[in-house]
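The following note comments on one protein model, point by point. It is meant to be read with the structure at hand.

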Amino acid sequence: ELLRTLGNATCTSVGPASQRGADAYTYDCVVIGGGVLWLTALAQLRREGYRAVLCTESGLGEGQSLHSHGWFHAGYLPGDLAAAKMWKAESAKTEAFVASLGVDFLRPGCAYLAMPADNADSKIAQSAEIGVPMPPVPPGELPGSSGGPLAEASTSCFETREWLFDKHRFTVALAAQHHDAIITYASPISFERGPNGAVEAVVLSTNQRLATRSVAIAAGTGTR
């Protein structure tokens, strides 16, 4: 409810590009998608001096970001091995970025993971490759577990004690810091292209036109 309230309160009205004088573009980048990945991208772009704005069809984090579970942790590994190695290598930068938002970065932090048993072997091999220990845990030994779905033979459980932080607090902190560059409940309905085919503007369902040099899209990547 806090996120929905925050999202509704931070809708931003964006004026036409002509208000920027001789500059034909209002933005250097329009970020489409309201999950934690693209909130982070928005924050990084703005920190580096780019004029960026984020638009999302719903409230912030209402897709996969805040519906799967409430934590980011070292065992939250991408399926691609190269990406997983980068995730591990960048953990110090992740910690510094999270700390700068005032969100507790727990090290060590304990997270338990449950996944389909047929994915377990590849996940164990991946974690060993990048040096993130993930010992298996019998479902009945999970803290607070009473069996249920975790007791099924088709489910494997693991433990990681590297680091973790709260996804909800992370999202709220980013939204509060960059509320003036977030447009919620606004879907892109068309892209205007220049003579060379490059996108030059994004038109939203709210009748706003965002003139931009580039577009980054990651909407619904976790859910659909």
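**Note on helices, contacts and backbone angles**

1. Within helix α2, the buried residues are Val 36, Trp 38, Leu 39, Ala 41, Leu 42 and Ala 43. The model under discussion is a predicted one. Helix α2 covers residues 36-47, 12 residues in total, and spans 16 Å from its first C-alpha to its last, close to the 16 Å expected at 1.5 Å a residue. After α2 comes Gly 49, with a positive phi near 95°.

2. For orientation, the protein chain contains 6 helices and 12 strands. Of its 224 residues, 42% count as buried.

3. Helix α2 packs against helix α6 (residues 167-177) at an angle of about 40°, and the two axes lie 10 Å apart. The pair is therefore classed as oblique, since angles under 35 degrees would count as roughly parallel. The crossing of α2 and α6 is left-handed. On the α2 side, the contact involves Val 36, Leu 39, Thr 40, Ala 43 and Arg 47; on the α6 side, it involves Lys 167, Phe 170, Thr 171, Leu 174 and Gln 177. By class, these residues are 5 nonpolar, 3 polar and 2 charged.

4. Helix α5 (residues 117-130) has 14 residues and reaches 21 Å between its first and last C-alpha atoms, close to the 20 Å expected at 1.5 Å a residue. Which residues of α5 are buried? They are Ala 120, Lys 123, Gln 126, Ser 127 and Ile 130. The elements that cover them include α3 (81-89), β5 (111-116) and β6. Gly 131 follows α5 and has a positive phi, near 80°.

5. The axes of α3 and α5 come within 10 Å and cross at roughly 45°, which means that α3 is oblique to α5. This crossing is right-handed. Leu 81, Ala 84, Lys 85 and Lys 88 of α3 meet Gln 126, Glu 129 and Ile 130 of α5. The contact of α3 with α5 has 3 nonpolar, 1 polar and 3 charged residues.

6. Thr 155 belongs to strand β6 (residues 155-160). Its relative accessible area is 18%, so Thr 155 is buried, the limit being under 20%. The C-alpha atom of Thr 155 is separated by 4.9 Å from that of Ala 117, although the two residues are 38 residues apart along the chain.

7. Two backbone angles deserve a comment. Most residues other than glycine have a negative phi. Tyr 185, which is not a glycine, has a positive phi of about 55°. This tyrosine lies in the loop between β8 (182-183) and β9 (188-193). With a relative accessible area of 33%, Tyr 185 is partly exposed.

8. Asn 207 is likewise a residue other than glycine with a positive phi, near 70°. Where is Asn 207 found? It is in the loop between β10 (199-204) and β11 (209-211). Asn 207 is exposed, because its relative accessible area is 72%, and exposed requires over 50%.

Methods
Residues numbered from 1 in each chain as written. Predicted model: local features only at pLDDT ≥ 70, side-chain atom pairs only at ≥ 80, totals over all residues. Heavy atoms only, no water. Helix = DSSP H or I, 4+ residues; strand = E, 2+ residues; numbered from the N terminus. Expected span 1.5 Å × (residues − 1). Buried < 20%, exposed > 50% of the residue type's maximum accessible area, 1.4 Å probe, protein only. Axes fitted to C-alpha atoms, helices over the stretch in contact; angles between N-to-C directions. Parallel < 35°, antiparallel > 145°, perpendicular 65-115°, else oblique. Left-handed = near helix turned anticlockwise from the far one by under 90°. Contact = heavy atoms within 4.5 Å. Nonpolar A, V, L, I, M, F, W, Y, C, P; charged D, E, K, R; others polar.
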